Amino acid sequence: MTVRVPALVFLGIAVLLPITASGGVSLDEANSHWAFQSLARATLSGKGHPIDELLAIRQRERNFSPVPEASREVLLRRAWHVITGLQADSDLRARALATQGETLPAWSARIVEEALASPHFGERWARHWLDVARYADTKGYNFTAGRLFPFAFTYRDWVVRSLNEDLPYDEFLRRQIAADLMDVPVREQAALGFLTLGRRYLNQHDLIIADRIDVTFRSTMGITMQCVRCHDHKSDPLTMADYYGIYGVFDSTEEVPEGELPIISTPEDSPGYRKFREELIKRANAVHDYAAGKIKGYKRPADPLKFDRKAALNKLNQSESGDYRGLVAKLDELEGKSEYAPLRAMAVRDRPNPREPVIFERGQQGNRGAKVPRAFPAFFRDAPDRAFEKGSGRLELAQELTRPDNPLTARVCANRVWMHVMGSPLVSTPGDFGMQAQLPLQAELLDHLAHYLRNHDWSIKALVRHIMTSRAWRHSSFADDKLNEHDPENRYYTRGNRHRKDLESWRDTTLQASGRLDRKLGGRPARIHEAPFPGRRTIYGLIERQNTPSFFRIFDFPDSSQPVVKRSATTTPNQALYLMNSPFLHGEAKATAAATASHQDEKARIVALYLRALQRVPSPGELARAQRFLGSAGAGMQQSAGAWSYGHGRVHRDSGRVEFHPLPHFTGKVWQGGPELPDQKTGWVHWHAAGGHPGHGDHAAILRWVAPKNATIRVSGELARPTRKGDAVRGLIVARNKILGKWRVEPGAKSGTELTLQVAAGESVDFLVESTGEEAWDSFHWAPVILEEGVKLPLAEAQAGFSGPALERWPLLAQVLLLSNEFLYVD
Amino acid sequence: MLSRAGMGMAAVALNGVPGLVAAEEGKGSGLDLNPLAPRRPQFPGKAKAVIHLFMNGGPSHLDTFDPKPELTKLHGQELPKMLKTERPTGAAFKSPFEFTRRGRCGLEVSDLFPQVGSMADELCVIRSMHADVPNHEPSLLLMNCGDGRLVRPAMGSWITYGLGSENQNLPGFVAMCPGGYPIQETQNWQSAFLPGAFQGTYVDTRHSDPKKLVEHIESGMGESEQRRQLDLLRAMNEDHQKQRSHDARLEARLQSFELAYRMQMEATDAFDISREPEEIRKMYGSGTQARQMLITRRLVERGVRFVQVWHGAGQPWDNHDDLEKNHRKLSRECDQPIAALLKDLKMRGLLEETLVMWGGEFGRTPTVEMPKKGSNAGKINGRDHNHYGFTVWLAGGGVKGGHVHGTTDPYGFQAEENPVHVHDLQATILHLLGFDHEKLTYRYSGRDFRLTDVHGKVVKEILA
């Protein structure tokens, strides 16, 4: 029920200010909702860690007793995973595990402290916040203008830095909403990216504001304002007046135009910088040249980089505007992408004259209803009749959100921090603390954590430290049958949750294992999902909001159009396909194997691989298994379908001996001499699934098949030389140093290449194609099929059996370790 | 806990309400461990799979399935009724195409679609469709995701969320578009706040090599070599699991590698139309449309839940100019393949349980589009967008065959009798699959979302 009373005269106009507004619920109901109550203070005995004491209350009710604490090895891995998303480096690990004479709690507290001091803390925890802040580097769908936000990353880097510097959480929030109105250094305006980096919805103003309202309230207070855009909330004490009160705040706020974005750091003068400036001015002049050609009396600005885009656009027709925007996009692109460009904040500012909001009935912009003041949602307001007074009201909004007696902001944050540390949230709907959110089982604990946060200067690090020094955090993740049966979801925290690495920590630790991790903090986004797969941490990957590459989506990276507090954690065959077959994983497996190549001894190298990937030594059984794998893999002779290899060389006519040189380069389709054809050494010689091309002189194309067993085989196939230009090719089949068959195929002709022969296991049969005269136009088709006498199914087929480079045996083993559950799950 | 076969996991922790998972932002559930496991709908549905043939750009209903003799009479004159259109339009513009009664039902279909017309007795033509606005972007999103402006999951995502997929070796939701993306790009098949596993898998059907069609499907090594590698992985994972037997996630992940291993073969096979007998390939004809329609049948036959087939990148059917020439060219490309798809499905007994839907994001105006600098070529022989009234047809999957539902006004400008909004169409599709559209929900950010938001009414009259 909504009660509206005329409450104040606002800017000289009488408006209705709902002071007891309560949307679709009664005020009594709303007043008694647990999450809207002020924080309760738990009574503590002072014995033991407060968290353990509070958890024990519920555990005792069910007669549950917690499991023992985990080993130091496990805790070290867990601590680094939770705090940094990485694994501890081997020397740090060795040092940590070598120390003696400390109790487990003291030791554990110390390693937690060490990890918290790492700058990688900020990267890990920034990503959690960026999910909530629906961060992306691009605008989403649009038709003409460039999609890249040139300086989104300055916001991302601001978040990383603020977390590393432990900026108090309330201040952290305030700056993201109103840094431009606060007495803080200019560089802090990078925080405003929080507001500006949402989806652009084809520049539909009301939707851009809707996005800002949504992200502001969901990330801080865990309440959703989406519904009240069109109607009063059905279950929460929120009304359309509340929505449009905030709408007015953001409607009175404007983005700083791209050319005027505040500079937060300037690069030093250097030849590179000067070149950048030159190019920048060139591109700006291209914009002015275009405008001058289309607009009568166009005035070129004194500084070519300072100009009014809107004014020009107003004078251009639709297609010209497109061209103009394209040129401007090129300018912005350089500003955004060049490493010499000054860094800027994606800031906002108040409009000179604040706009007075009205309710849009049913959410339709054209349907203007009653006027409302810019104000904080009535139910949560500090004083019933207080409307925002200063400018847009943005700073007052930020202050209301972080008011010490706002019970939601601290609770929502504490619940999130607990979730990221412990693996599951106390409030099972971490994105929603509204009326439908259920009272958590450990409500006292939630309030204790929220209190702790508020009383420790809103320090996130202090809260993380507080949780991680409890015994509950040190619990082993192994549980007995009784606990598993009676509390399968571990709602009572009687044991540790097994953490599954998310996209970021999985990819980053993979890079750690391979030694390719680039530890540089911050900077422009990198296209990490594409070759050559830069080794930057995943948080620095370019986030495309519109066509998010499947690499991100298959590993549950959230949709960046809306705030996500808790990610999905799916297990799908698409993930497995990526892990098995992607060039990225193959590259990592190779690099991991290569990093252990200095070990001559096979066993020592296996141990080294285990240490890199899993941070432990293999058991004797595992060692033996790995050795068996290395012995059997790669030799290829036991393949039931036989094995083909692709090379070049020649057959000595006198001895029948074949000189076979494997072709070293695979394009993904074709085996050839090098990245480009013709190769300097081997010329045009190459093989693909259906045939190939011979090289010049002694560079015949050779397809080699190795027999898997003793057999009488029939080789069938057809050698074709389709192009009518050039001259003939010659095909030969050679085995046991004898030329068994020889066919000359003229341009445009083809010839059957059938013969029967005996082979012994391990012997090779070579299929050679030589050029006669000129090698030009000598492309041929030849994909032999090998049948065993009396057997219907072919023993081997060149076309179906065509394969790219097999990972050698060490990379294959390394890949297995990187794919294992042990690698992905953290006990 | 989980069956070794990795299939038939429908029983896994779906809270006993099949297909209705009250998941909160991916809270650990069977949905996480095997999101595509087949699930039962809320009530027995007639359709098990959906094929959406998307004529993107907006095909003209007036020139295909909604004949308007009145428009012919008034050709060149001002229409008695004018509605606001996206761009200026002028006088009445008669269809340059002949309509013929086809099938036993005598359905009138223009000579743009003679072969589809030969399947008239299977078609359920809705002539009274309407949408919200005359612009491509919001209309595409409305048709696909149920909301023209906000970011919402696609219908295919909702349906695979509700039903899982019958084939674990293939993606459950496939979106095919030759040569690139349509307008709004991947947003048309996004899963938004639903888990990424329900996102449409994009396939560029310009390629004919099946290995190019699915990402990372090619192992690049011999089959037996990879088997040996996976055997080692399995042995390692089994050791690891022994001490952690209560964690179902570990077994699910172990199985995911086995599924992927099988997928390598099955997916390559599914996309390889060269394995079809010659007479079938002949029936579909040649070219890209034939290829993608044939792939569509192969996918549906293998249990893929939702296949969306786009005509082409951009908006090919958006004929503001030269409507006659362009519509003829486009219909020639797809008429035979679409008819073949219907015939083929019918021959195999698949049409009964497969709902085929044909249409664009809207239709086109009965009035001729006037020249406007920068937006058309000024030829005065095309039609503008029309969201007030347009045609969509359905076939199979529990709808009446040889049936016409609803009308537009005498000029074809606006839906008149029994109007069907896009939300109603979506509610009906969900109904045919066995879902109450108001109850197929997903809890996200404190609210139960659904495909039809707060709208939608099942069109009972078209149900067989």
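This is a predicted model: local features need pLDDT of at least 70, side-chain atom pairs count only at pLDDT 80 or more; totals for chains, interfaces and linings use all residues.
Two strands pair if DSSP finds at least two bridges between them.

Start with strand E2 of chain B, residues 89-92. Its pairing with strand E10 (residues 363-369) of chain B is antiparallel and runs over 2 bridges. The pair meets the rule because at least two bridges are required. Within this pairing, Thr89(B) stands opposite Glu369(B) of E10(B).

Now widen the view to the sheet. Three strands of chain B make up an open, antiparallel sheet, in the order E2-E10-E11. Strands of a sheet pair through backbone hydrogen bonds. E2(B) and E11(B), the latter covering 383-386, are the edge strands. Each has a single partner strand, so one side of each lacks a neighbour in the sheet. From one strand to the next, the twist averages 60 degrees.

Turn next to the place where the chains meet. Here 68 residues of chain A are in contact with 58 residues of chain B. On the chain A side, several helices give two or more residues, among them H10 (205-221), H14 (318-337) and H26 (620-632). The largest share comes from H23(A), with 7 residues. By class, this side of chain A holds 26 nonpolar, 30 polar and 12 charged residues.

Finally, look at chain A by domain. The assignment gives domain 1 as 50-118 + 406-486 and domain 2 as 150-257 + 351-401. Domain 3 spans 267-341, and domain 4 spans 643-797. The centres of domain 1 and domain 3 of chain A, taken over C-alpha atoms, are 52 Å apart.

Notes. Residues are numbered from 1 along each chain as its sequence is written. Chains are lettered from A and ligands numbered from 1 in the order in which they are written. Two residues are in contact if their C-beta atoms, placed from the backbone, lie within 7 Å. Helices (H or I, at least four residues) and strands (E, at least two) are DSSP runs, numbered from the N terminus. Ala, Val, Leu, Ile, Met, Phe, Trp, Tyr, Cys and Pro count as nonpolar, Asp, Glu, Lys and Arg as charged, and the others, Gly among them, as polar. Domain bounds come from an automatic or database domain assignment. Axes are lines fitted to C-alpha atoms, for helices over the stretch in contact, and angles run from 0 to 180 degrees between N-to-C directions.
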